[in-house]
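Visitor: I have a structure here that I have not looked at before. Can you take me through it?
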Amino acid sequence: MDPCWSWGVMALLCLLVPGGHPVPCRVSISPEEPTVEFGTSLLLNCTSSCRNYSRLSWEVSITKTGPRGPGWVSLSIPNVTDWSLELQCFGVFGEQRHIAATTLRAYRFSPPQIYLGGDMVAGREARVTCNASARVSPSDPPNLHLTLRGGGLPPSTHQGPSVGSAFTAQPKQHGQEVTCEAALRLGHRTISANATAVLWVWAAPHDVRVRAPHTVFTAGDKLTVTCQAEGNPPPRLRWELPTNASWELQDSGSTVTVPAAQRAHSGTYRCLAENRYGAGADSVDILFQGSSRSPLIPVAVTLAVVTVLAALAVSWWFYRTRGWKLMSD
């Protein structure tokens, strides 16, 4: 059988193991691997597995403070100013003496911070960096791990105070969240913290499109030409239109309307989209085909010409075949 104990705030006597041999009395420290942030307080307990001790105490290089009770004694450190401190707890049981030892380790841990390398513009190289810092006992370098993930980026992990990711920015990444996780491992304990940031991906004007329901018109027709463009921030639109032509701008300048088009409205309609990251353009050619005329006019002219030619031909035929002569005065 294993030794068994019944605990409140103290330990009772241990049972005998099979064969009638008593279990040796021992002391233990809780927590077993104490870690604490530098400059803060800490409370430890030393507990005896038996109550028949003659002495139960701490052996440390600092002033011992803390309450005690049957089978236990505490150690209170109100301000930890040592990066590493050896601690011992001992109990005297008749002629026996048992010692439990551990090392108190202090640390400093600055949570991670995410840095975005200036303006991120779609199609251009960008970088996200996460930094964190930690300090532990001078003899032990900090076991610090950083992981950067999210924002449409592949996860990146690095052991050390910094981790970064370089990528080509895409419009779809705008507004996505990137997370940095920092983990400081102290023995069997891990101190963790994380930080988040939102990616702001700007974009020069692109997908500029100029459209018109009809590209050929006659006098008096209504002309409508529209312009659409993508970009972040939304691009400003500017038109280059045929000269000496009247027109109206609608829908915040995205639509050109000519209520009654004339010949002067024919030509190239060019839309320029601009923001602080670039410009784009597209155009459409509008053609004028003139006013429509009645088809009877050319038909009548044609018939008249044909009639005259026919009369001349008949006259000529009679003249040759029947001896007609021209009348003289």
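Visitor: How many salt bridges does a search of the whole structure find?

Guide: The search finds 5 salt bridges. A salt bridge here is a side-chain nitrogen of Lys or Arg within 4 Å of a carboxyl oxygen of Asp or Glu. This is a predicted model, where local features need pLDDT of at least 70 and side-chain atom pairs count only at pLDDT 80 or more, while totals for chains, interfaces and linings use all residues. Residues are numbered from 1 along each chain as its sequence is written, and side-chain values use heavy atoms, with hydrogens and water left out.

Visitor: Which residue forms a salt bridge with Arg97?

Guide: Glu59 does, and the closest N and O atoms are 3.8 Å apart. Arg97 is in strand β8 and Glu59 in strand β4 (residues 55-59), so the pair ties together parts that are 38 residues apart in sequence. Strands (E, at least two residues) and helices (H or I, at least four) are DSSP runs, numbered from the N terminus.

Visitor: Why does Arg97 count as partly exposed?

Guide: Because its relative accessibility is 47%. Buried means under 20% relative accessible area, exposed over 50%, and partly exposed in between, with a 1.4 Å probe and protein chains only. Glu59, with a relative accessible area of 41%, is partly exposed.

Visitor: And which side chain meets Arg149 in a salt bridge?

Guide: That of Glu181, at 2.8 Å from N to O. Arg149 is in strand β11 and Glu181 in strand β14, so this pair links distant parts of the chain, 32 residues apart. Arg149 is partly exposed at 32%, and Glu181 is partly exposed at 36%.

Visitor: What about Glu240, which side chain does it meet?

Guide: Glu240 meets Arg270 in a salt bridge of 3.4 Å, N to O. Glu240 lies in strand β19 (residues 236-240) and Arg270 in strand β22 (residues 267-275), so parts 30 residues apart in sequence are tied together. Glu240 counts as partly exposed at 35% relative accessibility, and Arg270 counts as partly exposed at 31%.

Visitor: Back to Glu181. What stands opposite it in β15?

Guide: Asn194 does. Strand β14 (residues 177-186) is joined to β15 by 10 bridges, and the two run antiparallel.

Visitor: What is the strand order in the open sheet of 4 strands?

Guide: The order is β12-β11-β14-β15, with antiparallel pairing. Two strands pair if DSSP finds at least two bridges between them. The edge strands, β12 (153-159) and β15 (189-198), each pair on one side only. Neighbouring strands are turned by 15 degrees against each other on average, direction ignored. For that angle, axes are lines fitted to C-alpha atoms, for helices over the stretch in contact, and angles run from 0 to 180 degrees between N-to-C directions.

Visitor: New topic. Which residues of the largest nonpolar core touch the most other members?

Guide: Ile114 and Val128, out of 26 residues in that core. Elements giving two or more residues to it include β8 (96-116), β10 (125-135) and β13 (162-168). The largest share, 5 residues, comes from β14. A nonpolar core is a set of buried Ala, Val, Leu, Ile, Met, Phe, Trp, Tyr and Cys residues joined through side-chain atoms within 4.5 Å.

Visitor: Where is Leu312 found?

Guide: Leu312 is in helix α1 (residues 296-321), and at 54% relative accessibility this residue counts as exposed.
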